[in-house]
Amino acid sequence: MIIIMIVLGSIVFFLMLFVLKSVLSPKKISKIQKNLKTGRYTAAIKDAKALIAKNPRDSEARYLLGKAYLADKKPELAFMEFKTLNKTAVFNNLATEIEFRDIIADLYLKFQQPDEALQEYILLNKKDPKNPKYYFKTGKLYESKNMSEQALSYFQKTIEIDSRYAEAYASMGLLLFKAKQIPEAEKAIATALKLDPENSETLYCHGRILRGKKDYAHALSSFEKAARKQEIRTKCFLERGSCYMETNSLEKAVFEFARAIKSSKQPNSPEMLYARYLLADCYEKQRDFDKAIEQWEAISAVKPKFRDVAQKLADYADLRTNDKMKEYLTLVKDEFFQMCRDITEQYFDYPVQAVKEIKIGCSILAVEKGSEQWLNTRKKPQLMIFSRESETITEPFLRSIHEEMKKQGVVTAHIITSSGFSRDALAFAENRPFDLVDRKKLEKIVEKVKFSF
């Protein structure tokens, strides 16, 4: 009888405990929700963490904890909670699941995980098939993966649901333009501008098309207007810088790329990396190599394998230790010409006949010493090409020089470069009158010459 009483007592105790939890838990959840609404995020976080400590599988408490972290401007912590929840949560309320997946998809994008975001948007399309926003965002992610056919399909679906969705028309227009379907592209963009002439996404896409048509003045205006939207500001300034770069307005391009870098909040975003890379390219063209190196180093710190940054840093590593090579690369025109004269006269021992500026640096026409001393001796002209461009010398360039040599009766062409030669260039020069001097040979030459500037 005593045993039966003990068992019955235990059952009653656990039943009372279960009832008590069932009553108290909703009250605690309600309290967390109230604190969220009133801005008491610290209290909401504390209460939600207390519930999770008692029951780690409490989906509702974890969801509210994630929302509280977001509201408290702690997206990293929110992301951790939502990822944990995404593995185990079973949603009884469709509206709650849609809200959750919308939030976590944005967080995946924020933390550079586009594939995971894409999966969430595909799921949202099934859960909420009448919402055009999710089809549009799915299309944008396919666009970013260069899957144009899939992107166009989702933009078209967006428009089918909402025929006034201006951004979908704009994005579709840009893809059609890239596919060289010009009439269809311009029609889509015209529709987008008619629906919402001040929409930043539409203006951005319009600017991209105008830039593609080399209508730079209107493209610049369109990107500047589009930059009013914080989310795409970096991309807009990047595009403006590219417009100026394509018109060889390097100073203005530098200004725009600097704006792009300053406006970005994510140091490892693709837009930030490209802005730094193009800014370094401008500095390199301006022969401000110290500033170019700063940008390459900043890129390397985030993504060492980004494009040819590692090679750039290797190519210019000696600028900090070899003053004469730095002078070769950075001197103003007149002093650079004098440096080339000194190399020609002192190292090669050729009297200089004429000096001319060329796109890649300097061209000097000289003669072999002694061939000009006797009237009955035929002069042996020598062509000196000094390049200080970063690009490798290629076979087509040597072929053009070879044709020029024939016209001028040049015996030998000496190609001196601060970079190097491609394989096809080396093969072309092998049985022809070329003397190829690459960066390593040039470094040794400049150490032997006494410059007169």
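A salt bridge is a side-chain nitrogen of Lys or Arg within 4 Å of a carboxyl oxygen of Asp or Glu. Keep that cut-off at hand as you work through this predicted model.

**Exercise 1.** Decide what joins the side chains of Glu 256 and Arg 259, and say where the two residues sit.

*Solution.* 
- Step 1: The N to O distance between these side chains is 3.0 Å.
- Step 2: The cut-off is within 4 Å, so Glu 256 and Arg 259 meet in a salt bridge.
- Step 3: Both belong to helix 14 (residues 250–263), where being three residues apart separates them by about one helical turn.
- Step 4: Glu 256 is buried, at 2% relative accessible area, while Arg 259 is partly exposed, at 22%.

**Exercise 2.** Now try helix 20 (residues 395–408): describe the pair Glu 395 and Arg 399.

*Solution.* 
- Step 1: Their side chains form a salt bridge, with 2.5 Å from N to O.
- Step 2: The two residues are four apart in the helix, about one turn.
- Step 3: Glu 395 has a relative accessible area of 16% and is buried because the cut-off is under 20%.
- Step 4: Arg 399, at 42%, is partly exposed.

Note on methods: Residues are numbered from 1 along each chain as its sequence is written. This is a predicted model: local features need pLDDT of at least 70, side-chain atom pairs count only at pLDDT 80 or more; totals for chains, interfaces and linings use all residues. Side-chain values use heavy atoms; hydrogens and water are left out. Buried means under 20% relative accessible area, exposed over 50%, partly exposed in between (1.4 Å probe, protein chains only).
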